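Biologist: I would like a close look at one part of this model. Please keep to the helix packing there.

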Amino acid sequence: MLQSMPPAPHRNFKFLQVLSFRFQLVLAYQMMAVVVGWHIYQITGDPLALGLVGLAEVVPYMCTALFGGYLVDHYSRRWFGVLAAVMLLINGLVLLGVSNGWVEGDPELWIYVSIAFTGFARAFIAPTYSALFALVLPRDQYARAAGLGSSVLQIGMVTGPAIGGILIGWAGTGAAYLTAVVLCFGAMLSLVLLKVKQPPRAESAPVFTSIAQGLRFVYSNQIMLGAQCLDMFAVLFGGAVALLPAFVNDIYHYGPEGLGILRAAPAVGAVVMGLWLARHPINLHAGRWLLLAVGGFGLCMIAFALSTHFWVAAFVLLLSGAFDGVSVVLRTTIMQLITPDEMRGRVSSINGIFIGSSNELGAFESGVAARLMGLIPSVIFGGSMTMLVVAVTAWRAPKLRKLELQQLH
């Protein structure tokens, strides 16, 4: 008797619920990020202040991420995601209060405190998504689902900054924060209504012993470690997103709508690439494609720094997003295929520290470099360092360079 084929990822209702959780939280987070960046720069006029926003988030995130992965692995694949949505909802309400003058004290200080609170919430989002991803999908659909998930993530990154920028100019920061609060509530509801059979609880090893098991697994695997280090250092040095308010204000002389467009441009490229890869997944020479994609991202950062016209800069950022989309899909597929089911939360948390924290540390590095070198030279330096990272990774991680995804099935 022939077995029926599992439904395609976009026809799997449980997977769509998990995607809805991810999309709404990304959308809310991106809206809050663009509003906070604009507000801080209007208050201070200092690019270093933009970097401090990233630092305020990454410190609490790095302190709690590994524990978040442990809790997801050992207690619940779902309810800690609900907790993260509630924490971001509260965060949005605090920012709304600051925007409307309901909170007394220094608004800049309140914004930094609120961003720090976001870091605690983020510790649970990636482990929850990674664990539920594997729980609701058959293994042979991981590559296609990774492409679809990447597209959904990038759609949130496109529409979040665009909506945030439009709302700032049209209705003010309060309206943007209120919209983000509603989205956080929707994300929470997606997981509350998700009906999924929880796997048996993992053996409750001591927390630090369990975390050490996850760390040993990642550090002993050259392919996973190489992919994570490649992306971490590329984003750490090559990301220019944190400096976009300064480029918009000082170089292109646009308002908040221009910031929304430039913040959205990389995600537009990543959405198109993610949708393409969902239908045409990369199977041959995956390691080489990963290295080429990150190198292309570094080249785009250099081209962005040298561009003097707003729409040329937007196009270059769109191309950078397409290259980044290849990297995201391949890295996600590699992680899902290599990781044992009982360690998905911890490995996802470690991946989050490598990848997620590099965004905020990269924002801090960008702010410091812009203060020391100037705005444009700092971005050129970052793009050049990204290309150097690609060369070193290709040399030091030959298993990653020669990787074929069929080896991991």
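At what angle do helix α9 and α10 pack, and how far apart are their axes?

Modeller: This is a predicted model, in which local features need pLDDT of at least 70, side-chain atom pairs count only at pLDDT 80 or more, and totals for chains, interfaces and linings use all residues. Residues are numbered from 1 along each chain as its sequence is written, and side-chain values use heavy atoms, with hydrogens and water left out.

Helix α9 (residues 244-252) packs on α10 at an angle of about 130°, and the axes are 9 Å apart. Helices here are DSSP runs (H or I, at least four residues), numbered from the N terminus. Axes are lines fitted to C-alpha atoms over the stretch in contact, with angles from 0 to 180 degrees between N-to-C directions. The two helices are therefore oblique to each other; that word covers angles left over once those under 35 degrees (roughly parallel), over 145 (roughly antiparallel) and 65 to 115 (roughly perpendicular) are set aside. On the α9 side, Leu244, Pro245, Val248 and Tyr252 make the contact, with Gly258, Leu259, Leu262 and Arg263 on α10; contact means heavy atoms within 4.5 Å. By class, this contact has six nonpolar, one polar and one charged residues. Ala, Val, Leu, Ile, Met, Phe, Trp, Tyr, Cys and Pro count as nonpolar, Asp, Glu, Lys and Arg as charged, and the others, Gly among them, as polar.

Helix α10 (residues 256-279) also packs with α12 (residues 310-338), at about 40° with axes 7 Å apart. This pair is therefore oblique too. Residues of α10 meeting α12 include Gly258 and Leu262. The contact of α10 with α12 divides into 17 nonpolar, five polar and no charged residues.
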